[in-house]
Amino acid sequence: MTFAQRPVPRYTSYPTAADFASAVGEGETRAWAAGVAPGSAISVYAHIPFCDRLCWYCGCATSVPNGYDRIAAYVGVLHEEVDLWADALGPHGGLAHLHFGGGSPNSLSAEDMGGLIGHISQRFGLRPDAEIAMELDPRVLSVAQIEAMAAAGVNRVSLGVQTLNAQVQTAINRVQPREQVERVIARLNAAGIIQHNMDLMYGLPGQTVADVEEAAAFAVLHKASRISVFGYAHVPWFAKHQAAIDEDSLPDISARFAQAEAASAILVDAGYVPVGLDHFARADDSLAIAASTGRLRRNFQGYTDDPCDTLIGLGTSSISQFSEGYVQNRKDRNAWRDAVLAGRLPSERGIALTEDDRLRARAIERLMCDLRVDVPAVCAEMGAPAGSLNDALETARFLVPAGLCQVEGGVVSVPFEARVMLRTVAQCFDGRFKPAPRRHAKAV
């Protein structure tokens, strides 16, 4: 098995969710929430697990509601969960980042969308300079929803573009003509929501280098603020609907490499700044600025300039982050609802961080963000004995002959041309990694 075919975590956290356990539950969650540093800003993520129709490539926790009643009921419980968290938190400095993900957040009606943003903003104390971001499905975004978002203060959106090739769109069950996406962009701009992120993908069934280049050029043409270029992860044992994709139609490893490099070339030539593993940003965007000044972070939403140490996850399966550890909400919608309506934080599992976890998390985050980590400096910063990460350095040296990284003294760096393999290098610092063929997606 080549390095590119090895399954490795995405490292949006360390330890990863695969290490969470039921030993951490509501008791720990309440203690951690009450202990948030006074005056410190917080972030909130709200999970909306519904889509108008399923895209075959998707690995997210989502479903088709078949009517609005299920969505309305879910939103009602979300309001209750907002109140539970707001009451559980210690005195803090207000809400700095609010992110809606899914699923498709615009599966909510315009009224529910505005009402939920307003309630979250009021209960957590929205800061004047806060970012309110929302992931959107361009196929089902209405003028009324755009107006509701603008009125509620949404100032950044992420558009799921993925690909513009009609045949590939059909193969992944996400048909959205170029003109449809352009209409959405025009309407968002007219409403004053001008910070647009675009999500693109490579490695989709039947996809070619030319297809990926077309999508990248589209994002450049429309001046996207940030662009993600994700590789399709085929995990039908985890996401059952991916079985609808013909595995024989998927590009092989060499084709995936070529597609990732083609997208990168288009975006870099257009002046976009490469950010971490798979993101690009305009030079004037806050993400690019964070990357250039060493302030880039990585959390469950991916790369971010959000400096908050506390992230509250709302809704089913959402993960909350505290300085003491992580906790995940119940995945089963009925169990989540029952816990919230009984006045309990719906924590199902999590993990308390050890000092070794914190040390390794810091090293992994810096490598994932900067493509470079000074191991002795990280040990000194975290108050760890020198040599605490010698095992990681030794493992990384095995990757040097393959061109995946360089190790000079205590510094591990990943060449730009090898950044698509960044997760494999980060895994060297993972003290909990357990090889398992169906636990994580392939490296590329």
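Q: Why is Arg-53 called partly exposed?
A: Buried means under 20% relative accessible area and exposed means over 50%, with partly exposed in between (1.4 Å probe, protein chains only). Arg-53 has 35% relative accessibility, so it counts as partly exposed. This is a predicted model: local features need pLDDT of at least 70, side-chain atom pairs count only at pLDDT 80 or more, and totals for chains, interfaces and linings use all residues. Residues are numbered from 1 along each chain as its sequence is written, and side-chain values use heavy atoms, leaving out hydrogens and water.

Q: What makes Arg-53 and Asp-52 a salt bridge?
A: The rule asks for a side-chain nitrogen of Lys or Arg within 4 Å of a carboxyl oxygen of Asp or Glu. Here the N to O distance is 2.9 Å, so the pair passes the rule. Asp-52 is partly exposed as well, at 41%.

Q: How many salt bridges does this rule give?
A: The count comes to 25.

Q: Asp-137 and Arg-139 also meet in a salt bridge; are these two residues buried or exposed?
A: Asp-137 sits at 2% relative accessibility, so it counts as buried. Arg-139, at 11%, is buried too. Their N to O distance is 2.7 Å.

Q: What does the salt bridge between Arg-226 and Asp-285 tie together?
A: The closest N and O atoms of this pair are 2.6 Å apart. Arg-226 lies in strand S6 and Asp-285 in the loop between strand S8 and helix H9, so the bridge links parts that are 59 residues apart in sequence. Helices (H or I, at least four residues) and strands (E, at least two) are DSSP runs, numbered from the N terminus. Both Arg-226 and Asp-285 are buried.

Q: Why do S15 and S17 count as paired strands?
A: Two strands pair if DSSP finds at least two bridges between them. S15 and S17 have 3 bridges, in the antiparallel sense, so they qualify.
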